[in-house]
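Hi,

Here is the structure I promised to pass on.

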Amino acid sequence: MTNTASRLIPPHGGALINREVTGEAARALEERARSLPAVALSSRKLSDLEMLAIGGFSPLEGFMTREQYRPVVEEMRLPGGLPWTMPITLDVPAETARSLKNGAEIALAEPDGTRLAVLEVAEVFEYDRAVEAEKVYRTTDEAHPGVAALYKQEALLAGGRVTVFRRPSNREFLEHRLDPVQTRAEFDRRGWKRVVGFQTRNPVHRAHEYIQKCALEIVDGLLLHPLVGDTKSDDIPAAVRMRCYEELLDGYYPKDRVVLSVNPAAMRYAGPREAIFHALVRKNYGCSHFIVGRDHAGVGNYYGTYDAQYIFDEFAPQALGVTPLFFEHTFYCRACEGMASSKTCPHGEEQRVSLSGTKVREMLSRGEEPPHEFTRPEVARVLIASMRGAAEAAAGGGS
């Protein structure tokens, strides 16, 4: 439960649902887990397990049962009507499923067999992956990374409550790995009430910095909350991104108004649905507001530029609780001599400094810093050093 004296927004559903035990209870559960059949989890499912353990997926207590799964896929709501847009499921091999009865227990493990948690099996059920793909990702195209991951899953799902006695071993960035109860405590310590969350899987360039600082004008603080679970293979590695964030915050943000903490979850690239999902997760971390920019959580051309903003109109504001802050594409305008968007700048494209991701990568690979109007030089230097190191490693590996 959250501190009743807190001024922060309540978690989604009213309480943080932590599914982790410690001390003697953890030791006893670990001992019991040794005698149970085990299911090895993929890296994506390990991220989901950690988020369930720490309350990031409140109000969920475990992997979804059929009763939860169907309305989430079909209606974007949990039973009872609470908004929730992404299925959180556990697929199991058919040979494992045949041995499971309702009420049975199975251990959840890392790929090397290290047991982490116990799942109380409420049921094992079939599902239609094509229907989930169409409803959740708005496409059945296997070139979509979220759909590709879905189609690789087994044909049966096991739903039920989880209890975690050991967190997954891949726990980088411990200095910045704050659970929801910890971010909430930190916000309370700072006296914040209105906190804006920012989701990112990329380095923060000037456009992102601009919209974050616009949001900071109307709230008490910013949670810069980069996602460090699974991303696409061509996304910039989390360790590199974290160095970029640290450089940026050190030089250009007021230290007393920003908290940097990582989000262990995996990226799903579900566009509009994932925008709602990201907002609700940050609500659990204590955010009252959430930034939604252009093509939030998008990939390729599967979603319209602002579909991730339009989807918020499908929910009553009081049902979501968290307040979205919508921003259009931003850029540096030479005529305005500052950052702007199409809402505030009357000048044409010829005055705007706006580069494609491909162009930026080409410049960085040549050791060239993009224009300072596009990215801070400290960020550019981190990215150039990273690309140079990756190139040298590749060249060394081929010798």
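Bear in mind that this is a predicted model. I started with helix α7 (residues 180-190), which lies across β7, β8 and β9 and runs at about 160° to β9.

Those strands belong to an open sheet of 5 strands with parallel pairing, in the order β9-β8-β7-β10-β11. The edges are β9 (258-260) and β11 (323-326); each has a single partner strand, so one side of each is left without a neighbour in the sheet. From one strand to the next, the twist averages 25°. Within the sheet, β7 (residues 195-200) and β8 (residues 221-226) pair in the parallel sense over 6 bridges, and G197 stands opposite L223 in β8.

Then there is β12 (residues 330-333), which pairs in the antiparallel sense with β13 (residues 338-341) over 4 bridges and with β14 (residues 352-353) over 2 bridges. T330 has S341 as its bridge partner in β13, while Y332 stands opposite V353 in β14. The β12-β13 hairpin has 4 residues between the strands, and E337 takes a positive phi near 60° there. Which faces of β12 are covered? Both are: T330 and Y332 are buried on one side, F331 and C333 on the other.

On to the packing. The largest nonpolar core has 67 residues, and L49, F57, W84 and L108 touch the most other members. Leaving aside residues up to four places away in sequence, W84 has contacts that include H12, F57, M64, R77 and F277. A second, separate core of 35 residues includes L216, V219, V262 and V382.

Cheers

Note on methods. Residues numbered from 1 in each chain as written. Predicted model: local features only at pLDDT ≥ 70, side-chain atom pairs only at ≥ 80, totals over all residues. Heavy atoms only, no water. Buried < 20%, exposed > 50% of the residue type's maximum accessible area, 1.4 Å probe, protein only. Pairing = 2+ DSSP bridges. Core = buried A, V, L, I, M, F, W, Y, C linked by side-chain atoms within 4.5 Å. Contact = heavy atoms within 4.5 Å. Axes fitted to C-alpha atoms, helices over the stretch in contact; angles between N-to-C directions.
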